[in-house]
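Work through these exercises with the structure open beside you. Try each task before you read its solution.

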Amino acid sequence: MSPATIRLGTASPSTQASTPETIAQLEQIARRAASKKIDILLLPEAYIGGYPRGTHFGCVIGSRTAEGREEYLRYFQNAVDLGDTVGDGAGAGEAWIKRALPGDAVPGSNENSKEPAANKRGDGTREQLERIARETGVFIVTGLIEKTGGSMYCSVVYVCPKQGIIGKRRKVMPTGTERLVWAQGSPATLRAVSTTIRGVRINLGAAICWENYMPLVRQSLYSQNINLYLAPTADGRDTWLSLMRTVAIEGRCFVISSNMAVPPPSIPQQIPNSHPDSSSAILTEEPDHENPHDDHTPIFSDHHPSPFAPKHHSNRRASCLTEEGFEIALPRSKSPSTPTTTTTTRRATPSPTRTTTSTVNTLSPSSKRRTSVFDKDGNEIVLCCKKPSHVTNSQTQPMVPPAPKLTNSSSGEWVSRGGSSIISPFGEVLSGPQWEDNTSLICTDVDFEDCIRGRLDLDTAGSYSRNDSFEFGVRGLDLSPLPY
């Protein structure tokens, strides 16, 4: 890795059973990232505290249930207190970052404590995150559920290994029924932050989940001259990758997106050990320094085998990605007792559509079969088909990738498939998307001067903005561009 090269990384871990266990897992991931020399690590939206997917907290219009209130209480208790204030949705800003707020300890509660209570605020989560970043040397950006006053915010913190937390975002527009439990953050928190790694200045800003569908939110980040755009999310649909590629091209910046991969209920989640260097360490094999871009190091110990072991059937598929960003699913037989042989032929002349003839043998009437198409390079893209078939079929299909499924059912489907990825300023998918994998890290080495190279023909906040005719401003937010 050359001095001007920065290694970006992300993962798709899911929230653990409690907040302390999630922070312990975060520490494990950060230590693994450090072993692979990752400089900046992004983790998913609401990773600490949890994303309440599928619940309604007992609420319908005009009615709330006692059970829903108890569920809300548990969710509030799992949220973290960073010691910030409510303010106007932005908190105390620089006063909080610089620890200029007075301590929040109850007078007389620390009489027997040897540790001074001056300026001590919150539940200690901030200090834990700063310690993890400091000890690993990794710049950590993670989503979390922050509680202050009587409200919760979907937040993101920027944790520098040298300076501690240097910034915090609060989601300005929770999506749909998220607004039931998350308050709206102030757009003033959209201020980007800067760090320098090996002489390379990096201006980074985050847009959380469907904030990325808000063009003016994106423009507010572009206007600050960011070169690293972070998108922690809970959206694992195939359309998300298209949005991230658009953002990268539009902003001429590198993009990292991170989403939890939540296994089906039939696969129990394992809790990582909080002391990776102990005799019962979670890492059971040395990280592959020769191939840092393909990390399959498990986070499970010998005492807690990985849920992806062969004895657990999770209907996972191996896949790879074409240059155009299509996922190519590699088929396999459903079980040894129902062997399937698929023979596929294609036309010799390339065409936007392909005629695919699949002959499937030894299929029972209840078995499912998949059809497939080919891209222009001859790679097979396997498409899921819900209708069972045991006859030869010939049909013409458009060249489209299969859409991920995000439903939670008893059939073994993943609650959230993940999809974490890293994109170049020209829209190229550098790493990922990471489907159905909540254990591995993905990373890639990048040259941030590519962002400047891209400005030759597109600068959406500068030469391409026609700011002589279009005026843009955000109340409470300083849009002054950061230098490179």
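**Exercise 1.** In which strand does Ser420 lie? Then work out its surroundings.

*Solution.* 
Step 1. This is a predicted model. Find strand β20, which covers residues 416-423. Ser420 lies in this strand.
Step 2. The relative accessibility of Ser420 is 0%. Buried means under 20%, so Ser420 counts as buried.
Step 3. Look for polar contacts. The side chains of Ser420 and Ser12 are joined by one of 2.7 Å. The Ser420 side chain also reaches the backbone nitrogen of Asn259, at 3.1 Å.
Step 4. List contacts, leaving aside neighbours within four places in sequence. Among them are Thr10, Ala11, Ser257, Ser258, Gly432, Pro433 and Ile442.

**Exercise 2.** What is the order of the strands in the open sheet of six? Find its edges too.

*Solution.* 
Step 1. Trace the strands across the sheet. The order is β7-β6-β5-β2-β1-β22, and the pairing is mixed.
Step 2. Go to the edges. β7 (164-170) and β22 stand there, each with a single partner strand, so one side of each has no neighbour in the sheet.

**Exercise 3.** Which strands run parallel, and which antiparallel? Compare the pair β2 and β5 with the pair β1 and β22.

*Solution.* 
Step 1. Strands of a sheet pair through backbone hydrogen bonds, in either a parallel or an antiparallel way.
Step 2. Take β2 (residues 40-42) and β5 (residues 139-148). Three bridges join them, and they run parallel. Leu42 has Val141 in β5 as its bridge partner.
Step 3. Take β1 (residues 5-11) and β22. Seven bridges join these strands, which run antiparallel. Leu8 stands opposite Thr444 in β22.
Step 4. Check how enclosed β22 (residues 441-447) is. Five of its seven residues are buried, so the strand is largely enclosed by the rest of the structure.

**Exercise 4.** Over which residues does pLDDT stay under 50?

*Solution.* 
Step 1. Start with the whole chain. Its average pLDDT is 78, and 67% of the residues score at least 70.
Step 2. Find the low stretches. They include residues 296-316 and residues 386-410.
Step 3. Count contacts beyond four places in sequence. The model has 54 for residues 296-316 and 76 for residues 386-410.
Step 4. Apply caution. Where pLDDT is low, predicted coordinates should not be read in detail.

Definitions and conventions: Residues numbered from 1 in each chain as written. Predicted model: local features only at pLDDT ≥ 70, side-chain atom pairs only at ≥ 80, totals over all residues. Heavy atoms only, no water. Buried < 20%, exposed > 50% of the residue type's maximum accessible area, 1.4 Å probe, protein only. Helix = DSSP H or I, 4+ residues; strand = E, 2+ residues; numbered from the N terminus. Pairing = 2+ DSSP bridges. Polar contact = N/O pair within 3.5 Å; in protein donor to acceptor, adjacent residues only side chain to side chain. Contact = heavy atoms within 4.5 Å. pLDDT = per-residue confidence, 0-100.
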